[in-house]
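Here is a short report on one protein model. Keep the sequence and the 3D view at hand while reading.

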Amino acid sequence: INMSGEDREYYLKLPAGEYKVAFNSDKVRFGGYGKFRKTLYKSKKKKNGTTGVLIKIPKLSFIYLKKV
């Protein structure tokens, strides 16, 4: 969720695997700007051993990820 007035990047710690975008409130049909277009994320391991994804979420929107 990004309820700020600007686009933000978030790192989400997630188990290893692939995640698809199940819902994207930034779609034009929901009143969004249509900026967010990515549909699939693969979690990557960082140097410190954690796994997760880096997501840029447009202002005033949210996305829901589902593991595939």
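## Overall fold

The protein has 6 strands and 0 helices. Along the sequence the pattern reads β-β-β-β-β-β. This is a predicted model.

The C-alpha trace spans about 40 × 25 × 15 Å along its principal axes. The protein has 68 residues, and 29% of them count as buried. Among contacts with a separation of 6 or more, 67% come from residues 24 or more positions apart.

## Strand E2 and its partners

Strand E2 covers residues 18-24. E2 pairs with strand E3 (residues 40-42) through 3 bridges, and the two run antiparallel. Within this pairing, Tyr19 stands opposite Tyr41 in E3.

E2 also pairs with E6, again in the antiparallel sense, over 5 bridges. Here Asn24 stands opposite Ile63 in E6. Strand E6 itself runs over 63-67. In a regular strand, side chains alternate between the two faces of the sheet.

## The phenylalanine cluster

How many aromatic pairs does a search of the whole structure find? The search gives 2. In one of them, the ring centres of Phe23 and Phe30 are 5.0 Å apart and the planes meet at 40°, so the pair is tilted.

Phe23 is partly exposed, at a relative accessible area of 30%. Phe30 is partly exposed too, at 42%.

Phe23 also pairs with Phe62. Those ring centres lie 5.3 Å apart and the planes are at 35°, so this pair is tilted as well. Which parts of the chain does it tie together? Phe23 lies in strand E2, while Phe62 lies in the loop between strand E5 (51-57) and strand E6. The pair therefore ties together parts that are 39 residues apart in sequence.

Phe62 has a relative accessible area of 35%, so it counts as partly exposed. Taken together, ring pairs link Phe23, Phe30 and Phe62 into a cluster.

## A charge over a ring

What sits over the ring of Tyr11? The charged end of Lys46 does, 4.4 Å from the ring centre.

Is Ser4 buried or exposed? Its relative accessibility is 16%, so Ser4 counts as buried. The cut-off for buried is under 20%.

The side chain of Ser4 has two polar partners to look at. One is the side chain of Asn2, in a polar contact at 2.7 Å. The other is the backbone oxygen of Glu6, which the Ser4 side chain reaches at 2.9 Å.

Leaving out residues up to four places away in sequence, Ser4 touches Lys59 and Leu60.

## Points to check in the view

- Start at Phe23 in strand E2, then find the rings of Phe30 and Phe62.
- Follow E2 to E3, then to E6.
- Look for the charged end of Lys46 over the ring of Tyr11.
- Find Ser4 and the side chain of Asn2, then Lys59 and Leu60.

How values were computed
Residues are numbered from 1 along each chain as its sequence is written. This is a predicted model: local features need pLDDT of at least 70, side-chain atom pairs count only at pLDDT 80 or more; totals for chains, interfaces and linings use all residues. Side-chain values use heavy atoms; hydrogens and water are left out. Rings of Phe, Tyr and Trp (its six-membered ring) pair if their centres lie within 6.5 Å; planes under 30 degrees apart count as stacked, over 60 as edge-to-face and the rest as tilted. Buried means under 20% relative accessible area, exposed over 50%, partly exposed in between (1.4 Å probe, protein chains only). Helices (H or I, at least four residues) and strands (E, at least two) are DSSP runs, numbered from the N terminus. A charge sits over a ring if NZ of Lys or CZ of Arg is within 6 Å of the ring centre and within 35 degrees of the ring normal. Two strands pair if DSSP finds at least two bridges between them. A polar contact is a pair of N or O atoms within 3.5 Å; within protein, one must be able to donate a hydrogen and the other to accept it, and residues adjacent in sequence count only if both atoms are side-chain atoms. Contact means heavy atoms within 4.5 Å.
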